[in-house]
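I opened the file to see how the chain is put together. My notes follow in the order in which I looked things up.

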Amino acid sequence: MRIYSTLSGKKEEFAPQGDEVRIYVCGVTPYSDAHIGHAMSYVIFDVIRRYLRYKKYKVKYVQNVTDIDDKIIDRANKLGIPPAELAGKYTKSYDEDMEALNIVRTETDVYPKATEEIPKIIEVVQGLIDKGHAYPAGGSVYFRVRSAPDYGKLSHRSLEAMRAAECAIGSQEKEDAMDFVLWKATKPGEPFWESPWGQGRPGWHIECSAMSLKYLGDTLDIHGGGQDLIFPHHENEIAQSESFTGVKPFVKYWLHNGLVQLGGDKMSKSLGNLITIKQALEKYSADAIRVFILNSHYRSPLTYSEEGLEAAKQGADKLASTAFRDDSTGGKGEALDAEPYRKRFIEAMDDDFNTAQAIGALFELARDINRAADAGVSIAKAQGILLSLGQEVLGLKLETTEFMGEPVPEIEQKVNRLVEERLGLRNAKQWQEADKIRAELAELGVTLEDTPEGTIIRWERKR
Ligand SMILES: [Zn+2]
């Protein structure tokens, strides 16, 4: 398996340091609803984790929550609510979005919050001061960029070029315009924590260094995020982490996803042209959104368009209906061999997670399953492969929207209503009437088993 690392600028053979792949992806700053740009990044890193697990790697995953930040404080002040309340509200909103998008959370994942990791953050800042990589000034603490000679290696920029760009936002307290803040002295009305340098709060970059160090150790296998985080955020993470531990590299493979564009502009809040995940989910299923995202290469920019999503929706529906099409052969006779498609899928994913090609192989498999079914060839095994790659690796739900000609939610309601009705009749000892309902359900493909714990509903056909 080969993956592209931003640090080397090329595809490298994937060789994790141990039997567990340690992954860190920068999380959200919860001050408003997450948008399609977030969906893209977290769907991609979800598929990467799913694929590694499919390849039998163990995965340890950490993703932070920046629940204290200028943006949170500003917005909370405007709304007249405590920053913690705002952050809590939008962390919950984000969690809902991720669940709706079928992003896997496992028991070994860690989602640490900045406000709950202050002792570790202070420890790292103090360590950097002790080693001469940082200095306190005016109640804040800054990182001394000159002390990290390879600063700029990730974004491939020279210090002089970066210094020129940063000069405009230099602060009086800093030794050098390039130095960045690790700990911010408190301002009136802001939340703060006690520290050796007075009351204050952590800067954004130090959070990720402290949390990855605490939960994943000195060296990570994969660090991910959007391309907009390469500079300065990830550049600063490298400088902090490697200066603190003395261990290089901090990260073996740096993976950065392309950004969502809308009408050619990067989708950022400052442009005001954004579509939230909740808005997109009102119109499109999670499967449609995932197919739309996975149809392009993760390192390429993705242009949001209704037409693109509409096409993705049709593609997702096609995969689902193909996966549940009846095999009229009863599994006898000639069968479609899906192995070549699976092989192509794996080859594509092994080549820097080329989901566009992988999903292409899946669409061809779907097309050929339908052709085979039309020709009276058995498709059941091929359908199994389509389902396992689509659901397990690409995280598609692939639910059919129809069950024996009726929409699934409606037929489920109908079945539940009939089961209730039958229970009432049984309680009233009207056995004949109750059995009529059982027969009616059987016609819908549903069988019932009465147990002391209640009635078990069995769908004979897969929904
Ligand atoms: Zn980060």
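Where is the place of proline 232? I found proline 232 in helix 7. Helices (H or I, at least four residues) and strands (E, at least two) are DSSP runs, numbered from the N terminus.

Before going on I noted the ground rules. This is a predicted model, in which local features need pLDDT of at least 70, side-chain atom pairs count only at pLDDT 80 or more, and totals for chains, interfaces and linings use all residues. Residues are numbered from 1 along each chain as its sequence is written, and side-chain values use heavy atoms, with hydrogens and water left out.

**Entry: peptide bonds and one backbone angle**

The peptide bond from phenylalanine 231 to proline 232 is cis, with omega near 0°. I noted another cis peptide bond between lysine 248 and proline 249, where omega is about 0°. Proline 249 sits in the loop between helix 7 and strand 10.

I also looked at lysine 56, in the loop between helix 1 and strand 4. Lysine 56 is not a glycine, yet its phi is positive, at about 70°.

I traced an open sheet of four strands, in the order 4-3-9-10, with parallel pairing. Strand 4 (58-63) and strand 10 (251-257) stand at its edges with a single partner strand each, so one side of each has no neighbour in the sheet. Two strands pair if DSSP finds at least two bridges between them.

Neighbouring strands here are turned by 20° against each other on average, direction ignored. Axes are lines fitted to C-alpha atoms, for helices over the stretch in contact, and angles run from 0 to 180 degrees between N-to-C directions.

Strand 3 (residues 20-25) and strand 9 (residues 220-226) run parallel and are joined by three bridges. I picked out isoleucine 23, whose bridge partner in strand 9 is isoleucine 222. Helix 6 packs on this sheet and touches strand 3, strand 4 and strand 9, its direction making about 160° with that of strand 3. Contact means heavy atoms within 4.5 Å.

I then followed an open sheet of four strands in the order 5-6-7-8, with antiparallel pairing. Strand 5 (134-137) and strand 8 (200-202) are the edge strands, and each pairs on one side only.

Strand 5 and strand 6 (residues 140-143) are joined by four bridges. One of the residues I checked was proline 136, which has valine 141 as its bridge partner in strand 6. These two strands form a hairpin with two residues between them, and glycine 138 in the turn has a positive phi of about 60°.

Three bridges join strand 7 (residues 180-185) to strand 8. Alanine 185 has glycine 200 as its bridge partner in strand 8.

**Entry: a hairpin**

Strand 1 (residues 2-5) and strand 2 (residues 10-13) pair in the antiparallel sense over four bridges. I noted glutamate 13 in strand 2 as the bridge partner of arginine 2. The hairpin has four residues between its strands, and glycine 9 in the turn has a positive phi of about 75°.
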